[in-house]
Amino acid sequence: MDTPTAHPGPPPRVLITGATGYIGRRLKDKLLAEGHCTIRLLVRNRSKVRPEVVGRVEIVEGDTFHPAALDAALAGVDTAYYLIHSMGAGKEYDRLDRESATNFRDAAIRQGVKRIVYLGGLGEKETASKHLASRIETGELLSAKPESIQTLWFRAGVIIGSGSASFEIIHHLVQKLPLMLTPRWVTTKTQPIAVDDVLAYLAAALTLPSHANLIIDIGGARTTFREMLLRAAKVMGLRRLILPVPVLSPRLSSYWLMLLTPVPHAIAAALVEGLKSETVAQDDHARRFFPQIRPVSYEDAVQLALAEIEQNQVVSRWCDSSAGAACDIGGEDDISRAILRDRRVLPLGDLPAAAVYAAATAIGGDQGWFTYDFLWRLRGLIDKAVGGYGLNRGRRDPRELRVGDALDFWKVADLKPGKRLLLAAQMRLPGKAWLEFDIQEHQFVQTAHFYPQGLWGRLYWFAMLPFHTLVFRDLATHIVGRARQLQAQVPAQPKETAFP
Ligand SMILES: NC(=O)c1ccc[n+]([C@@H]2O[C@H](COP(=O)([O-])OP(=O)(O)OC[C@H]3O[C@@H](n4cnc5c(N)ncnc54)[C@H](OP(=O)(O)O)[C@@H]3O)[C@@H](O)[C@H]2O)c1
């Protein structure tokens, strides 16, 4: 097989779409590390690209619904990765998926791109859920003009990796439930695959010598969701009991998953729907065209995911993409719309900004929300009950944040190291809310901003005032307190450089 370095001339230029999502973010890191190609990203919000990556890639800001942005992104590109879906955009996501794929293919042809690489879902059209059907239609549209452009269409089922929705579901169920009553769909055959193996296929697609359209089903050994739970428990050193019950409908199971795990109902329902029918490979193309890739065992995939979590090395999560809520497009950091505010100002004296920033950016997740953590948790439970994210999402990393990260029921909308953190609320609210931490010279300003929707919004804000007074005052005080503790732990270091 060709290797990228075997070609004379400039390195190939590759476009990665979905580079702020679960797969795309990891693929971008992998291709950057391999260093065989020039990488361009098409992103909807460039501030979601980490500063250390910005200088190493070309960035085009835009989306697949704007042909001009697509033309700019695809000009001079040899291979274009299509790692996009519109599932978070509401009920009409299938129409948007169609439009997006058609626009992308046509722009790629206009710009003379040689190859599209797409990752879709494993499964058959006849038994497909609405989500999978849309993924299949996307693949068909991308592949529809083989005379003008080649499409390599990979199809994967359950992906096991730190931060993947399926793995977080398995991890939480196994951790929380010694005894699981499971519905029938847990015995359907499926072929999970480690995220690193998915990335290996996607990266190897760059140099595949074939010029024809191909569908490549990828996956590890066949198993069932039931087995996946039991085998993950074993890897985690836990003994778990599974009792199948015939009465748990898919709808009930998805509500159950939503309550016990970090994923919202839409994702739980898509997973359950997906597992109602077999999702197994229909061809041997993976082995034929990529014999060098041997998918790791399910146990190894779980082990790798757990190791990444333990070492705080979770590169991406299922909630990185904005799902139509905060941060997918500009404007989510526009707090000027707010008309109601809770503002706390605390003096910092000579406390360095870096220490306060480190304390502010470490809130939430496993660390909790200080004295009134139980009130935050109660709010999270109410949010879950009305279909929101609740607090279960936690955070990707206990200390590091980047724009687009989920933080309990917030989303990071802006970050200015040493200066500012802006969180946009993703909880169910009659309005729009933000929580801003601004480190000014000698003072710390924490502001909860609220843009109420009609009368209900205003009533909500005023009903919450007593709680806000407690929790926000406590939050600001504890952030400054923790900053002092952090600063005290590093007395020998220069103040401004102690917290990078
Ligand atoms: N993750 C899995 O477990 C899994 C399993 C099997 C197959 N797949 C397939 O892998 C592909 C990628 O999935 P994923 O899980 O990585 O998705 P994801 O985490 O939800 O990320 C989606 C990405 O697409 C971007 N995006 C959405 N609409 C866009 C548009 N119109 N124009 C430009 N960018 C847009 C999002 O940008 P923002 O950051 O701005 O929102 C985000 O970067 C999908 O085709 C999916 O079916 C995934």
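Some ground rules come with the model. Numbering starts at 1 along each chain as its sequence is written. Because the model is predicted, local features need pLDDT of at least 70 and side-chain atom pairs count only at pLDDT 80 or more, while totals for chains, interfaces and linings use all residues.

**Domains.** The protein chain splits into domain 1 (4-310) and domain 2 (335-497), with bounds that come from an automatic or database domain assignment. Their C-alpha centres sit 32 Å apart. Domain 1 and domain 2 each put 10 residues into the contact, where contact means C-beta atoms, placed from the backbone, within 7 Å. On the side of domain 1 that touches domain 2 you'll find three nonpolar, five polar and two charged residues. For these classes, Ala, Val, Leu, Ile, Met, Phe, Trp, Tyr, Cys and Pro are nonpolar, Asp, Glu, Lys and Arg are charged, and the others, Gly among them, are polar.

**Ligand shell.** The ligand has 34 residues around it, and Gly18, Thr20, Gly21, Asp63 and Ser321 are the closest; a residue makes the shell if its C-beta atom, placed from the backbone, lies within 6 Å. Two or more shell residues come from each of α1 (22-34), β5 (115-121) and α6 (165-176). Helices (H or I, at least four residues) and strands (E, at least two) are DSSP runs, numbered from the N terminus. By class, the shell has 11 nonpolar, 17 polar and six charged residues.

**Helix pairs.** Two packed helices are described by the angle between their axes and the distance between the axes. Axes here are lines fitted to C-alpha atoms over the stretch in contact, and angles run from 0 to 180 degrees between N-to-C directions.

| Pair | Angle | Axis distance |
|---|---|---|
| α3 (67-74) and α4 (93-110) | about 50° | 9 Å |
| α9 (250-260) and α10 (265-276) | roughly 135° | within 8 Å |

Angles under 35 degrees count as roughly parallel, over 145 as roughly antiparallel, 65 to 115 as roughly perpendicular and the rest as oblique. So α3 and α4 are oblique to each other, and α9 and α10 are therefore oblique too.

In the α3 and α4 pair, Pro67, Leu70, Asp71 and Leu74 of α3 meet Asn103, Phe104, Ala107, Ala108 and Arg110 of α4. That contact has six nonpolar, one polar and two charged residues.

For α9, the contact residues include Tyr255, Leu257 and Met258, and those of α10 include His265, Val272 and Glu273. Seven nonpolar, three polar and two charged residues make up the contact of α9 with α10.

Terms used
Contact = placed C-beta atoms within 7 Å.
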